[in-house]
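Please look at the model below before reading the points.

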Amino acid sequence: MSVLDDIVAGVRDDLARRQSEVPEADLRARLLDLPPARDPMPAFGRPGSSVIAEVKRRSPSKGDLADIADPAALAAAYERGGAAAISVLTEQRRFGGSLADLDAVRAAVTTPVLRKDFVVEPYQLLEARAHGADLVLLIVAALPGDALTRLYDHARELGLTALVEVHDEPETERAVALEARLVGVNARNLKTLDVDPATFSKLAPQLPDGVVKVAESGITGPDDVRRRVAEGADVVLVGEALVRDGAPEEAVRAMTGVTP
């Protein structure tokens, strides 16, 4: 079993518990009181690099990253630094996140918010929207067959912007066939946790013009951002480097607007 398979198995167990506690009808009822989802695409299309800044406590590869006692305060610092969107890890077993973190961040910022999790069922999309998310992550490697298309279409119906994540050529081909507008290229292989810094430069040229390209993993500072922008990135998604930085607002600002 790969690392990704193990994570998804745990996600499904936790999902079953939440489904038993909160009926789908309750989630749909919450949607009636929500304003429309925020569109992140205009900010992602600005000149220079845009930053998706991540609230991330730990990871399977690095273990504990930061003791984030107040995710709302961290998100507010990201927003002041100019983050185009804020990503919130909600997976609990491996990443230490929760929907409570998503609620806290949503209440603290007006910036578009991404629910970052291992989405495998439509219920999770309803959760994301009901808890105020504007974007949702869809990992191609975790969605075989027609699952990717079904979830992508359902996300759009809910007004969510899908960040479609790939890490190899076949996955990139699936994202292109999906006509995804926002594609993340993850340098970390979630099946092995190995990082290949050349992944973005290999895959970005396969994405059509007009697709907003997001570079994920392995970005530690402005020099890495500049390198990815030179390779075609419009957006960088940064977690570890920001949560470990003692000045997250300034760190986001330093990565924003970077040109080759």
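1. Strand E1 (residues 50-55) has six of its six residues buried, so the strand is largely enclosed by the rest of the structure. Buried means under 20% relative accessible area, exposed over 50%, and partly exposed in between, with a 1.4 Å probe and protein chains only. Strands (E, at least two residues) and helices (H or I, at least four) are DSSP runs numbered from the N terminus.

2. This is a predicted model: local features need pLDDT of at least 70, side-chain atom pairs count only at pLDDT 80 or more, and totals for chains, interfaces and linings use all residues. Residues are numbered from 1 along each chain as its sequence is written, and side-chain values use heavy atoms, with hydrogens and water left out.

3. In a regular strand the side chains alternate between the two faces of the sheet. In E1, Ser 50, Ile 52 and Glu 54 point one way, while Val 51, Ala 53 and Val 55 point the other way; all are buried.

4. Two strands pair if DSSP finds at least two bridges between them.

5. E1 pairs in the parallel sense with strand E10 (residues 235-238) over four bridges. Ser 50 stands opposite Val 235, and the bridge partner of Ile 52 is Leu 237. E1 also pairs in the parallel sense with strand E4 (residues 85-89), over four bridges, where Val 55 stands opposite Val 88.

6. E10 pairs in the parallel sense with strand E9 (residues 212-216) over three bridges. Val 235 in E10 stands opposite Val 214, as well as opposite Ser 50.

7. Glu 165 lies in strand E7 (residues 161-166).

8. The side chain of Glu 165 does make a polar contact of 3.1 Å with that of Asn 186. A polar contact is a pair of N or O atoms within 3.5 Å; within protein, one must be able to donate a hydrogen and the other to accept it, and residues adjacent in sequence count only if both atoms are side-chain atoms. Beyond four places in sequence, the residues in contact with Glu 165 (heavy atoms within 4.5 Å) include Leu 137, Ile 139, Gly 184 and Glu 216.

9. E7 runs parallel to strand E8 (residues 182-186), joined by three bridges. Val 166 stands opposite Val 185 in E8.

10. Two residues other than glycine deserve a look for positive phi: Glu 179, near 60°, and Leu 193, near 75°. Glu 179 sits in the loop between helix H8 (169-178) and E8 and is exposed, with a relative accessible area of 65%. Leu 193 is in the loop between E8 and helix H9 (199-203) and is buried, at 18%.
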